[in-house]
Amino acid sequence: MSAHLATGAAEPAADRTVVGENLSLPLFRTLSGVLAGHPYLKVVVDRAENTWHLLDTGAHPFHVNYVATRVLGMDLAALDAELDAFNASVYTDPERRFLLGVLSLHTEQEEGRERPFLVLETTEADTMHGELLVFFYEFVRARVDSRLPLLLKPANHGQEEELSAISEQRVPRILSHELFGSRERTPLNPGEAIGRLRFFRTAEEYTAAEATSLGWADIVAMPCLPDDVPRVAGFINTAPITPLSHTNVLASGWGIPNAIVRDLEQLVDKDGLADAWVRYRVDEDDISLQRLDREPDLRAPAWHQQRIRLEPPLLEDAPVLSLHRLRSADRDRYGTKAANLGELHHVLDSRTVDLTSYYGRPRPPREDLYGHLAARLGLKTADLGQLRARAAEFVAGAVGAPEGVALPFALQQRFLASSPALQQGIGKLKMALELDATDVLDSLCLHLQHLIRHTPVPESVTRQIDQAFPAAAASRGRLVVRSSSNAEDLPGFSAAGVYDSVTTVHGTGELLDAVRQVWASLVSPRSVRLRHQVGISLDDTYMGVIIQEYVPASLGGVLVTCNPTRREDFRNVYLNCSPGSPEQVVDGTVLPQQYLYNTVEGGGRTVALGSWGQGLSTAVRARLADLSLTGRLLQSHFSGSDVDQPLDIEWLMTEQGDFRLVQIRPYSL
């Protein structure tokens, strides 16, 4: 039995494009393909000929190729040679001849029946002004079956602003977050898994079952998966979440499928999927659950044999240092997060690093994207020397790095060595790991954590902390204490949300408690199990600590320099935000606002408003566009030779309107 949540259309054998005909629903279905679970049809309006072209989706995947070759008689080589100029002629020229768009088919419930309606939109980079948008809508409306409602969906924030001055009676519209905010099914992380579907209707049901019955072959489904979910075969969320949640970052790092399926309960009841063995598949256009006739003969997954080796940490005495004195090479003494923040200070202070290499990579048929970057930075030409200088200046002016200090691994090691009880607890835990005695791991970890939190910190350790971060500074206000381990942000092991950070610390006493809590998180049951599963030895694992003064924020969030749901998209970055702390975005306490920003042609669009009823102001969205471009430029430096490796950046906007980046790490794809 199969529960197909979306289906794709078979590719037609011949080109069935039609020109000049009115569009009926049967003709739409004949020509359309499927995108993101919805039938869609590409259209080209030719203003010079006063006609339109309804493209056969299977034969013509790109508007531009069709216009160039079928209408203007160009060959593809000539188009490729002038692609950016040609794109400008159809997407940004205010007097353009061709208007390019997509019609997608949707349904809504009306008096107990499903009613179809069409949505018209342009491509995301299109800069149609209000008059052209009106013309485009009215031209299409006059040629579509009058029984089909037609709504215009602005493709970016610029089009939204243009439409704001136009009556909705003249141009009926729907915004992106209105159309997709209530989608029944949304892919989050692509992948395929065979496993047993474990559906929990409430968090209480999950808690009751998790400790005793969840295994690597389970596919866990529930409204919102907890951050401490164990490593399993797949995730299904039955309530909306963001692609930047901790659990989806884990799904991405673990390479397991994840999706939002809001009507899963109906499917489970209808097809008897509870605790059934299923084949679960997620990609951009399809989410499917296929029930299997019998329990499959499964082998343990590859990660059971995975062995991740850490670079040996340096444990010789190292000073407590200000973050701005660290560089990326210091990760073997202070941990990844601290080293990356130190590297950020270097980038912002030096103004000499090359932040343009992402745009220098060939994107066929383009040799590079330097011209697009020059336009984003306000330069008239793409002179490379000028471009590099302007990029460094732009980033330094757009964001700041947090002030603070980093505690090295050596301090944690000195603390652990100071107590025979701690050494005994560590010895017992190592023995259990060597014997693979997983049944006693949790109790040993919890006991060791208790010891760490309550063992006095040696005076020599507290003196080093006080010298670098004086008690007077600690008593002035709120502090933030963050983890910085060497066992995170590794290929095949992200550890997102695994270690503790403490964001409400006041005074010297609470500071030492928070440092011990961060140290203790290195031996939490979950972190120990996850590392053990991939062969990371406890002997090689250490925890550094970052101490920062708290900065009040009016807005905070996370951006990743990619589109998490479309891996081939090299233009967009995905940004989530909510009023206040960035932690709210990743820990699931609120559903954040979600935006996509194009860092090639420019522009942005709203994906979801989350827990808020309205979006951000035009001015703030423009600032977020600058932040998104900054993230892309930093990717050129922090990703090294692989400039397509995206970054995961936590940020906040201060009450004065300045941006601070509080964490930079690789984003797992």
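Q: Which residues bring helix 19 and helix 21 together?
A: In this predicted model, V461, T462, I465 and D466 of helix 19 meet T508, L511, L512 and W519 of helix 21. These residues divide into five nonpolar, two polar and one charged.

Q: What makes D466 the charged residue of that contact, and T462 a polar one?
A: Asp counts as charged.

Q: Why is helix 19 called roughly perpendicular to helix 21?
A: The axes of helix 19 (residues 459-468) and helix 21 (residues 507-521) cross at roughly 115 degrees. Angles from 65 to 115 count as roughly perpendicular. Therefore helix 19 is roughly perpendicular to helix 21. Their axes come within 12 Å, and the crossing is right-handed.

Q: How do you know which residues of helix 18 and helix 22 meet?
A: Contact means heavy atoms within 4.5 Å. L441, D442, C445, L446 and Q449 in helix 18 meet P525, V528 and R529 in helix 22. By class, the contact has five nonpolar, one polar and two charged residues.

Q: What makes L448 buried or exposed?
A: L448 lies in helix 18. Its relative accessibility is 1%. Buried means under 20%, so L448 counts as buried.

Q: What does L448 touch, leaving aside its neighbours within four places in sequence?
A: L448 is in contact with L422, G425, I426, L429 and V523. E160 is another matter: the C-alpha atoms of L448 and E160 are separated by 56 Å. Along the chain these two are 288 residues apart.

Q: Why is helix 16 called roughly perpendicular to helix 17?
A: The axes of helix 16 (residues 409-417) and helix 17 (residues 420-434) cross at roughly 100 degrees. That value falls in the 65 to 115 range, so helix 16 is roughly perpendicular to helix 17. The axes come within 6 Å.

Q: What makes up the contact of helix 16 with helix 17?
A: F415, L416 and A417 of helix 16 and L422, Q423 and I426 of helix 17 make it. By class, there are five nonpolar, one polar and no charged residues.

Q: Why do strand 17 and strand 25 count as edges of the sheet?
A: The open sheet of seven strands has the order 17-27-26-22-23-24-25, with mixed pairing. Strand 17 (399-400) and strand 25 (604-608) each have a single partner strand, so one side of each is left without a neighbour in the sheet.

Q: What packs on this sheet?
A: Helix 24 (residues 618-638) does, touching strands that include strand 17, strand 22 (553-560) and strand 25. The direction of helix 24 makes about 140 degrees with that of strand 26.

Q: How do you know that strand 26 and strand 27 pair?
A: Pairing needs at least two bridges. Seven bridges join strand 26 (residues 647-654) to strand 27 (residues 659-666). M653 has F659 of strand 27 as its bridge partner.

Q: Why is helix 9 called largely enclosed?
A: Eight of the nine residues of helix 9 (residues 246-254) are buried, so helix 9 is largely enclosed by the rest of the structure. Among the buried residues are H246, N248 and W254. Just after helix 9, G255 takes a positive phi of about 70 degrees.

Q: What makes D145 buried or exposed?
A: D145 has a relative accessible area of 17%. The cut-off for buried is under 20%, so D145 is buried. D145 lies in the loop between helix 5 (130-141) and strand 8 (150-152). Not counting residues up to four places away in sequence, D145 touches L23 and S24.

Conventions. Residues are numbered from 1 along each chain as its sequence is written. This is a predicted model: local features need pLDDT of at least 70, side-chain atom pairs count only at pLDDT 80 or more; totals for chains, interfaces and linings use all residues. Side-chain values use heavy atoms; hydrogens and water are left out. Helices (H or I, at least four residues) and strands (E, at least two) are DSSP runs, numbered from the N terminus. Axes are lines fitted to C-alpha atoms, for helices over the stretch in contact, and angles run from 0 to 180 degrees between N-to-C directions. Buried means under 20% relative accessible area, exposed over 50%, partly exposed in between (1.4 Å probe, protein chains only). Angles under 35 degrees count as roughly parallel, over 145 as roughly antiparallel, 65 to 115 as roughly perpendicular and the rest as oblique. A crossing is left-handed if the near helix is turned anticlockwise from the far one by less than a right angle, and right-handed if clockwise.
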